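Here's a quick look at how the inside of this protein is put together.

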Amino acid sequence: METGQEVRAVRLDHNTVDLRGQRVDAALALVEQHIDALVVRGESFGFVLHGHGTGALNTAVRRWLPQARTVRRWRPANAEEGGDAFTVIELG
């Protein structure tokens, strides 16, 4: 995870992708599509809802994000943003 100044982001339907119930490969494809859509719309932030579950989606998403070219930073969501069931991504 890249650290630094924590960004404030507002979670809305259009900037959140819900991965719950997906298998890892399909989930990562959805995250990639979501990021592409965010970039096209000119969004600065996005959210990934992976839930808690077994932690497989959480781990896979957070291992994959550093290789995404348009992701500047990512972090677990804070309590006000939905907690650790979400990952916040900053685009740039």
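## The main core

Of the 18 residues in the largest nonpolar core, the ones touching the most other members are L19, V31, I35, V61, W64, L65 and I89. A nonpolar core here is a set of buried Ala, Val, Leu, Ile, Met, Phe, Trp, Tyr and Cys residues joined through side-chain atoms within 4.5 Å, with buried meaning under 20% relative accessible area (1.4 Å probe, protein chains only). At least two residues of this core come from each of α1, α2 (56–64), β3 (71–76) and β4, and α1 gives the most, five. Helices (H or I, at least four residues) and strands (E, at least two) are DSSP runs, numbered from the N terminus.

This is a predicted model: local features need pLDDT of at least 70 and side-chain atom pairs pLDDT 80 or more, while totals for chains, interfaces and linings use all residues. Residues are numbered from 1 along each chain as its sequence is written, and side-chain values use heavy atoms, leaving out hydrogens and water.

## I35 and its partners

Setting aside neighbours within four places in sequence, I35 is in contact (heavy atoms within 4.5 Å) with W64, L65, A68, T70, V71, I89 and L91.

A search of the whole structure turns up one aromatic pair (ring centres of Phe, Tyr or Trp, its six-membered ring, within 6.5 Å; planes under 30 degrees apart are stacked, over 60 edge-to-face, the rest tilted). The F47 and F86 rings sit with centres 6.5 Å apart and planes at 85°, so the pair is edge-to-face. F47 is in strand β2 (residues 45–49) and F86 in strand β4 (residues 86–91), so the pair ties together parts 39 residues apart in sequence. Both F47 and F86 are buried.

Terms used. Buried < 20%, exposed > 50% of the residue type's maximum accessible area, 1.4 Å probe, protein only.
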